[in-house]
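Please open the model in your viewer and keep the sequence panel beside it. The stops below go from the backbone to the ligand and then to the pocket.

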Amino acid sequence: MNLMNDLSVSDPEIFNVLTQEIKRQENGVEMIASENFVSKAVLDAMGTPHTNKYSEGYPNKRYYGGNEFIDISEDLARERAKKLFGADHANVQPHAGSQANMEAYFAILELKDKILGMKLDHGGHLTHGSNVNFSGKFYDFSGYGVDEDTHTLNMDDVRREAERVKPKLLLSGFSAYPRKLDFKEFGEIAKDVGAYHMSDIAHIAGIIAAKLHENPIPHCDIVTTTTHKTLRGPRGAMILCREEDQFNPEDKKNLAQKIDSAVFPGMQGGPLDHVIAAKAVAFKEALQPDFVGYQDQVLKNAKVLASTLMDNGVDLVTGGTDNHLVLVDLSNKGIGGKVAEKALEDVHIYTNKNMIPFDERSPFDPSGIRLGTPALTTRGLKEEHMKVIGECIAKTLDNPTEDSIKTKIKAEIEELVRDFPMYPGFKIVG
Ligand SMILES: Cc1ncc(COP(=O)(O)O)c(C=O)c1O
């Protein structure tokens with residue numbers, strides 16, 4: 001695979017930064033739980049003349065001519081997405097997870113309607129009601145949280161909160177919660193309080209596709225997800241839903257039509273056709289049997305990472321993990337997330353600072369960091385490598401300002417990843 005042959009001549013400045021970024025990704029360990037490395041096939045699909053096309057609308061119902069082949073890509077992406085999750089309907093056009101959530105809310109809610117979602121400092125996402133985000137400004141959000149002792153979700157508490165708030169929408173899903181979700185119970189609570197149930201499975205979509213986590217589809221009206229996290233597709237999102245709007249069966253539009261209208265013309269103009277083609281490629285990959293093996297390894301790696309960290313004096317929220325991420329509680333280390341993230345970056349371990357439940361620090365320098373195994377697993381790292389990385393993380397957190405120690409750890413990390421090229425055969429030509 002040759003990369004960017006012409007770009008080095010036409011735009012050496014951009015060629016250079018792209019090259020530097022590839023080297024940074026290759027020479028470090030990528031532990032940001034929301035990141036992954038797409039396949040070469042997905043990269044190939046993205047870098048195609050599909051990007052040249054305007055195709056507002058949907059297959060066979062476009063506002064522009066010349067969409068006969070674009071229609072085929074989008075239909076393939078929609079059909080594969082439906083098959084992967086067992087959904088009635090798929091809209092693969094959302095440019096990003098945040099827009100997918102906005103579009104889903106717009107499809108079924110009026111401004112200022114009540115939504116109940118997971119509190120942000122307990123694991124929820126910005127689009128689940130942050131007051132600096134459209135969600136918190138446009139809707140009346142309330143939050144359910146984790147149990148004060150176990151830091152896990154107690155479904156009796158969620159039910160009590162739902163009965164108190166009586167939301168029009170009950171939202172499940174998270175950005176930082178290391179345990180499984182009980183979608184069936186969320187669905188029952190929503191039914192009992194007369195709410196729609198929507199799940200934002202951005203983080204765990206790949207694990208669900210591999211059937212290693214309960215599928216929310218049978219228990220939800222709407223499911224949104226990004227396509228670039230555990231699902232290992234291009235940056236973007238999609239919305240899956242039932243055909244029927246259970247609360248408004250007489251409406252002219254059913255739920256699937258309402259979702260499609262909210263995406264276009266409601267929120268977006270032309271879809272990113274090159275990205276939709278790449279989504280189709282990623283969904284095909286996720287339908288293959290080896291995708292299950294990949295997700296299984298993601299989970300095994302996360303478990304070994306968690307136990308290694310705890311064995312080396314690092315506290316974890318909930319004392320472990322059932323999914324692809326672990327949430328480190330730095331309280332016993334005497335440092336905040338900002339210092340920890342920077343110290344780890346110094347040794348080429350990439351993470352993000354993160355709030356932890358009942359955090360007394362600010363979001364800009366919270367008490368936690370979040371780590372994940374999807375990207376490293378894609379590179380081929382296994383349990384024995386997670387042990388080494390876990391020990392390196394623990395040592396770095398104990399010595400965040402000791403340059404001589406960090407230099408040694410960085411060398412160890414670089415040595416470790418050398419045997420795991422990000423794209424075997426990938427050559428930068430320029
Ligand atoms: C649960 C959840 N929903 C939505 C999003 C937003 O996705 P995007 O960054 O593509 O807007 C994220 C991103 O991290 C997320 O974790």
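Select helix H10, residues 255-267, and find Pro265 within it; helices (H or I, at least four residues) and strands (E, at least two) are DSSP runs, numbered from the N terminus. The peptide bond that joins Phe264 to Pro265 is cis, with omega about 10°. Residues are numbered from 1 along each chain as its sequence is written. Because this is a predicted model, local features need pLDDT of at least 70 and side-chain atom pairs count only at pLDDT 80 or more, while totals for chains, interfaces and linings use all residues, and side-chain values use heavy atoms, with hydrogens and water left out.

Next, select Arg232, in the loop between S10 and strand S11 (237-241). Phi of Arg232 is near 65°, a positive value in a residue other than glycine. Most residues other than glycine have a negative phi, and most peptide bonds are trans.

- Asp200 has a polar side-chain atom 2.6 Å from a nitrogen atom of the ligand.
- Ser175 places a side-chain N or O atom 2.7 Å from an oxygen atom of the ligand.
- His203 has a side-chain N or O atom 3.5 Å from an oxygen atom of the ligand.

The protein buries 83% of the 390 Å² that the ligand exposes when taken alone, with accessible areas from the Shrake-Rupley method and a 1.4 Å probe.

Finally, turn to the largest pocket, with a volume of about 930 Å³. On a 1 Å grid over the protein atoms alone, a pocket is an open set of points where a 1.4 Å probe fits, with protein on both sides within 12 Å along at least five of seven lines, and lining residues have an atom within 4 Å of a point; the volume is the space filled by probe spheres set on the points. Among the 39 lining residues, select Gly124, His125, Leu126, Ser175 and Asn354, the closest to the pocket centre. The largest share of the lining, four residues, comes from H5.

Key: Polar contact = N/O pair within 3.5 Å; in protein donor to acceptor, adjacent residues only side chain to side chain.
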